[in-house]
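Dear colleague,

I am passing on the structure we spoke about, together with notes on what was found in it. Please keep it open beside this message as you read.

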Amino acid sequence: MRKASVRQYAEAYLSAAQAAPVKDRVEVADRLVRTLARQRQLRLIPRIAAELERLIAEQGGPIIVKVRSAKTITAAEDAELTENLEKALHQKVKIRHVHEAKLLAGVKIQVGDRLIDNALASRLSTLKSHLLQ
């Protein structure tokens with residue numbers, strides 16, 4: 001049996017999920033996982049999820065934005081950040097928060113392959129390089 005590509009899995013899942021009633025979408029995801037398990041392809045799940053996000057964005061869905069911060073972001077900060085990103089990107093966004101204790105202060109915002117790095121360590125590194133010139 002020929003195995004499908006990551007994109008083919010993502011397209012098939014998205015098509016089936018969109019066609020299914022909301023109450024049945026968990027079953028669609030479950031079928032995908034069972035299929036991947038039978039084919040010994042469970043390691044593809046993170047790549048399939050990333051491809052799904054790209055496909056949804058291509059269809060005009062929200063852009064997934066990963067926000068890494070040293071502290072937990074409050075609901076008010078989340079709302080303000082969402083509003084500002086939607087204005088800047090001219091598209092709906094969905095924010096995924098990641099708590100990174102190793103960041104001393106600041107945030108890193110990743111939109112697709114673009115990274116906005118406003119972490120304290122990065123700013124100090126830039127300052128150091130300017131001072132050493």
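A50 is partly exposed, since its relative accessible area is 29%, where partly exposed is the range between buried (under 20% relative accessible area) and exposed (over 50%), computed with a 1.4 Å probe on protein chains only. This residue has its place in helix α3, helices (H or I, at least four residues) and strands (E, at least two) being DSSP runs numbered from the N terminus. From A50 to K128 there are 78 residues in sequence and 36 Å in space, C-alpha to C-alpha.

Please note that this is a predicted model, in which local features need pLDDT of at least 70 and side-chain atom pairs count only at pLDDT 80 or more, while totals for chains, interfaces and linings use all residues. Residues are numbered from 1 along each chain as its sequence is written, and side-chain values use heavy atoms, with hydrogens and water left out.

The elements that give two or more residues to the lining are α1 (6–19), α2, α3 and β2, and the largest share, six residues, comes from α3. By type, the lining divides into 14 nonpolar, one polar and four charged residues; here Ala, Val, Leu, Ile, Met, Phe, Trp, Tyr, Cys and Pro count as nonpolar, Asp, Glu, Lys and Arg as charged, and the others, Gly among them, as polar.

In the loop between α2 (25–38) and α3 (45–58) lies Q41, which counts as buried because its relative accessibility is 10%. Leaving aside neighbours within four places in sequence, Q41 is in contact (heavy atoms within 4.5 Å) with K3, Y9 and L36. R40 is placed in the loop between α2 and α3 as well, but R40 counts as exposed, at 72% relative accessibility. The phi of R40 is near 55°, a positive value in a residue other than glycine. Most residues other than glycine have a negative phi.

Turning to the strands, β1 (residues 63–69) pairs with β2 (residues 93–99) in the parallel sense over seven bridges, two strands being paired if DSSP finds at least two bridges between them. Within this pairing, V67 has H97 in β2 as its bridge partner. β1 also pairs with β3 (residues 106–111), in the antiparallel sense and over five bridges, and S69 stands opposite V107 in β3. β3 in turn pairs with β4 (residues 114–119) in the antiparallel sense over six bridges, with Q110 opposite L115 in β4.

Finally, D78 is found in helix α4 and is partly exposed, with a relative accessible area of 25%. Not counting residues up to four places away in sequence, D78 touches I73, I95 and H97. D78 and I95 are 17 residues apart in sequence and 8.0 Å apart in space, C-alpha to C-alpha.

With best wishes
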